[in-house]
Amino acid sequence: MAESGTSGEVDFGYRRVKAKEKAQLVRDVFDSVAPRYDLMNDLMSAGIHRLWKAELIDRLAPRPGQRLLDVAGGTGDIARRFLARAGEARAIVCDINESMLRHGRDRSIDAGILAGIEWVCGDAESLPVETAGVDAYTIAFGLRNVTHIDAALAEARRVLKPGGRFLCLEFSPVQGPLLRRAYEFYSFAVLPLMGELVAGDRKAYQYLAESIRRFPPQGELARMMEAAGLEQVSAKTLTGGVAALHSGWRL
């Protein structure tokens with residue numbers, strides 16, 4: 001999986017790279033696709049990602065006065081949904097990629113959201129957020145891109161207030177042999193071609209398909225969350241296992 005071994009190497013898709021190199025490789029991928037990232041999400045999932053994100057917000061049940069940290073949230077999708085539901089609240093969007101943050105800021109301005117969101121460039125493994133500083137931590141389709149998942153989970157617990165909620169939306173191993181075969185064909189034949197035609201970067205979407213396969217399955221991720229000190233951990237399968245929503249609390 002994504003964790004480093006004695007060689008100091010980690011997964012970058014199906015490649016093994018030096019741990020210190022992965023963050024820059026991930027930046028390069030998202031620098032390339034940032035302008036078309038939201039369009040590609042709609043095309044790749046036939047819009048279903050919007051339902052998954054709505055499920056995340058429903059589980060979070062935002063309330064006025066809360067402070068959200070959305071990690072790897074450069075496009076601002078989750079933060080805007082959070083603010084729309086919570087009303088008087090604040091959101092921090094933290095992303096390692098400046099291009100994604102610029103794109104997210106532009107989208108928020110276009111949507112008329114001029115206050116309530118703070119845009120921060122930072123690493124999920126070393127968050128520029130104070131200890132026990134946020135009521136909720138969300139990460140949607142970003143955890144598989146970090147270099148050390150265990151370090152990112154430990155940081156999530158650190159920044160959450162006691163009673164704070166952790167929610168991770170991520171792709172998951174598909175259930176059922178027929179759906180699995182169709183999904184494999186789509187991921188490795190259709191998706192890279194779509195990335196080339198729409199976003200102009202076949203390799204970026206080849207990496208994204210590979211990174212999904214290297215991400216821990218639901219049970220393993222739940223155990224990693226518990227090892228990081230999160231409690232009452234649960235996972236909900238979405239769309240036949242194409243995605244999963246993991247939940248945990250800092251108690």
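Reader: To start, what percentage of the 251 residues in the chain is made up of buried residues?

Author: Please keep in mind throughout that this is a predicted model. In it, buried residues make up 52% of the 251 residues in the chain.

Reader: And how many helices and strands does the chain have?

Author: There are nine helices and nine strands in the chain. Taken along the principal axes, the C-alpha atoms fill a box of roughly 45 × 40 × 35 Å. The radius of gyration is 17 Å, which agrees with the value near 18 Å that a compact globule of 251 residues would have. Of the contacts in the chain between residues at least 6 apart in sequence, 68% join residues at least 24 apart.

Reader: Let's turn to the rings; how many aromatic pairs does the count come to?

Author: The count comes to six aromatic pairs. One of them joins Trp52 and Phe171, whose ring centres are 6.1 Å apart and whose planes stand at 85°, and since planes over 60 degrees apart count as edge-to-face, so does this pair.

Reader: Which parts does that pair tie together?

Author: Trp52 lies in helix H3, residues 48-60, and Phe171 lies in strand S7, residues 160-171, so the pair ties together parts that are 119 residues apart in sequence.

Reader: Trp52 and Phe171, buried or exposed?

Author: Trp52 counts as buried at 6% relative accessibility, and Phe171 is buried as well, with a relative accessible area of 18%. The cut-off for buried is under 20% relative accessible area.

Reader: Which pair is stacked?

Author: Tyr137 and Phe166 form a stacked aromatic pair, with 5.3 Å from centre to centre and 25° between the planes. Tyr137 lies in strand S6, residues 134-140, and Phe166 in strand S7, so here the pair ties together parts that are 29 residues apart in sequence. Tyr137 is buried, with a relative accessible area of 1%, and Phe166 counts as buried at 1% relative accessibility.

Reader: Which residues do ring pairs link into a cluster?

Author: Trp52, Phe141 and Phe171 are linked into a cluster by ring pairs.

Reader: Changing topic to open space, what volume lies in the largest pocket?

Author: The largest pocket holds about 380 Å³ of space. Its lining has 21 residues, and those nearest the centre of the pocket are Met44, Ser45, Trp52, Phe171 and Val242. The elements that give two or more residues to this lining are helix H2 (37-45), H3, helix H7 (177-199) and helix H8 (202-214).

Reader: What does that lining have by class?

Author: The lining of the largest pocket has 14 nonpolar, six polar and one charged residues.

Reader: What about the second largest pocket, which residues line it?

Author: The second largest pocket, with a volume of about 190 Å³, has among its lining residues Phe12, Arg15, Asp28, Asp201, Lys203 and Glu210. Helix H1 (19-33) and H8 are the elements that give two or more residues to this lining, and H8 provides the largest share, five residues. By class, the lining of the second largest pocket has five nonpolar, one polar and five charged residues.

Reader: How many cavities of 30 Å³ or more does a search of the whole structure find?

Author: That search finds three cavities, and about 410 Å³ of space lies in the largest cavity. The largest cavity is lined by 30 residues, of which Ala72, Gly73, Asp95, Gly142 and Asn145 are closest to its centre. The elements giving two or more residues to its lining include H1, H2, strand S3 (67-71) and helix H4 (77-86), and the largest share, three residues, comes from H1. The residues of this lining divide into 15 nonpolar, nine polar and six charged.

Reader: One last thing: where is Glu196, and what is it in contact with, leaving aside its neighbours within four places in sequence?

Author: Glu196 is in helix H7 and counts as partly exposed, at 41% relative accessibility. Leaving aside neighbours within four places in sequence, Glu196 is in contact with Asp201 and Arg202. The C-alpha atoms of Glu196 and Gln206, which are ten residues apart along the chain, are separated by 9.9 Å.

Conventions:
Residues are numbered from 1 along each chain as its sequence is written. This is a predicted model: local features need pLDDT of at least 70, side-chain atom pairs count only at pLDDT 80 or more; totals for chains, interfaces and linings use all residues. Side-chain values use heavy atoms; hydrogens and water are left out. Rings of Phe, Tyr and Trp (its six-membered ring) pair if their centres lie within 6.5 Å; planes under 30 degrees apart count as stacked, over 60 as edge-to-face and the rest as tilted. Helices (H or I, at least four residues) and strands (E, at least two) are DSSP runs, numbered from the N terminus. Buried means under 20% relative accessible area, exposed over 50%, partly exposed in between (1.4 Å probe, protein chains only). On a 1 Å grid over the protein atoms alone, a cavity is a set of points where a 1.4 Å probe fits but cannot get out, and a pocket is an open set with protein on both sides within 12 Å along at least five of seven lines; lining residues have an atom within 4 Å of a point. Grid points are joined across faces, edges and corners, and a volume is the space filled by probe spheres set on the points. Ala, Val, Leu, Ile, Met, Phe, Trp, Tyr, Cys and Pro count as nonpolar, Asp, Glu, Lys and Arg as charged, and the others, Gly among them, as polar. The radius of gyration is taken over C-alpha atoms; the globule rule is 2.2 Å times the number of residues to the power 0.38. Contact means heavy atoms within 4.5 Å.
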